[in-house]
Amino acid sequence: MSRKRKELFSHKLISVEEIVDGYYTLKFNRKFDFIPGQVVAIALNHKDDPRLYSIASGNQKDYMRILFDVNPDGLLTPQLKNLKPGDEILVSEPFGKFTFSGTNEWWIATGTGIAPFISMVESGGKLPQKLLHGSRTVDQFLFQNLFSAHLKENYLRFCTRESGGKGIIQGRLTNWLKSEKELPKQIKYYLCGNPEMVVEVRDIILGKGVDFENIIAEIYF
Ligand SMILES: Cc1cc2nc3c(=O)[nH]c(=O)nc-3n(C[C@H](O)[C@H](O)[C@H](O)COP(=O)(O)OP(=O)(O)OC[C@H]3O[C@@H](n4cnc5c(N)ncnc54)[C@H](O)[C@@H]3O)c2cc1C
């Protein structure tokens, strides 16, 4: 986020839904156009520092959705989950450069880092050659029905804490990447999620000969 504080605009909340234990979607009326992959800054009042969230909805819909998990010690997310339809929230105009190339891509995410890819699929953008999603438990593959329907066998789910059902690979996605003999070189890699994952994946794929400029990262710090 640029150092200049973003102007925040009042939006009306449509819904807050716990889709999986501890993971929520929040929808509000959409006031601005955006490009899939962009983020918004959100706060509940003008005195608090806003937090950033990837937009997790199609850019033709009349609402905007974000996807978040609750940080119990955090300032914003414990409050967000208790909001009610009709409440006002403050949201910036969309911004950010984690936007898609329109060429061949792999998408790699952990946890709520899947959010910008939801937006891309729901907006009808070009699908990736592969989507790799890592999570701790099988039910935390957020929006898996959407991705399964669109990507079929190119949607790879990696589960670290449970042995999964059909199509779920047990273990870390980073181990799978390390074990791949070769990775495609002439494509773009989009990484989104926590800093540890993004840095580790970046190092693995650089080590396999992918050019630095073909790696685009969004870090949820
Ligand atoms: C570009 C970007 C996109 C993002 N997109 C998403 C998204 O789509 N979904 C999502 O869930 N998250 C996303 N995030 C993360 C999000 O912005 C918030 O950081 C997250 O939701 C936690 O917010 P919070 O206010 O609840 O917690 P915070 O108040 O930020 O606290 C987070 C942690 O830091 C600790 N902490 C806070 N202040 C201090 C302090 N002064 N000293 C020490 N420790 C402290 C807290 O105890 C807590 O454990 C994104 C971040 C970035 C940068």
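# Strands, domains and a ligand shell

Analyst: Here's a place to start: Trp106 stands opposite Tyr189 in strand 11. Keep in mind that this is a predicted model.

User: How do you know that strand 7 and strand 11 pair?

Analyst: Count the bridges. Two strands pair if DSSP finds at least two bridges between them, and strand 7 and strand 11 have five, in the parallel sense. That passes the cut-off, so they count as a pair.

User: And what makes strand 7 and strand 8 a pair?

Analyst: The bridge count again. Strand 7 (residues 105-110) and strand 8 (residues 130-135) are joined in the parallel sense over five bridges. Ile108, for example, stands opposite Leu132 in strand 8.

User: What is the order of the strands in the open sheet?

Analyst: There are six strands, in the order 10-9-8-7-11-12, with parallel pairing.

User: What makes strand 10 and strand 12 edge strands?

Analyst: Strand 10 (168-170) and strand 12 (215-219) each pair on one side only.

User: Why is Gly207 called exposed?

Analyst: Gly207 has 11 C-beta neighbours inside 10 Å. The cut-off for exposed is 12 or fewer, so Gly207 qualifies. This glycine lies in helix 5 (residues 195-207). Its C-alpha atom is separated by 25 Å from that of Gly102, which is 105 residues away along the chain.

User: How is the chain divided?

Analyst: Into domain 1 (9-91) and domain 2 (105-219). Their C-alpha centres lie 23 Å apart.

User: How many residues of domain 1 are in contact with domain 2?

Analyst: 16 residues of domain 1 are in contact with 13 residues of domain 2. On the domain 1 side, strand 1 (9-20) and strand 5 each supply at least two residues. Strand 5 has the largest share of that side, with four residues. By class, the side has nine nonpolar, six polar and one charged residues.

User: Why do you say the ligand lies between the domains?

Analyst: Both domain 1 and domain 2 give residues to the shell around the ligand, so the ligand lies between them.

User: What makes up that shell around the ligand?

Analyst: It's 20 residues, and the closest are Phe68, Asp73, Gly74, Leu76 and Thr77. Strand 4 (51-54) and strand 5 (63-69) each supply at least two residues. Sorted by class, the shell has 11 nonpolar, five polar and four charged residues.

Terms used
Residues are numbered from 1 along each chain as its sequence is written. This is a predicted model: local features need pLDDT of at least 70, side-chain atom pairs count only at pLDDT 80 or more; totals for chains, interfaces and linings use all residues. A residue is near a molecule or strand if its C-beta atom, placed from the backbone, lies within 6 Å of it. Ala, Val, Leu, Ile, Met, Phe, Trp, Tyr, Cys and Pro count as nonpolar, Asp, Glu, Lys and Arg as charged, and the others, Gly among them, as polar. Domain bounds come from an automatic or database domain assignment. Two residues are in contact if their C-beta atoms, placed from the backbone, lie within 7 Å. A residue is buried if 20 or more other C-beta atoms lie within 10 Å of its own, exposed if 12 or fewer, and partly exposed in between; C-beta atoms are placed from the backbone.
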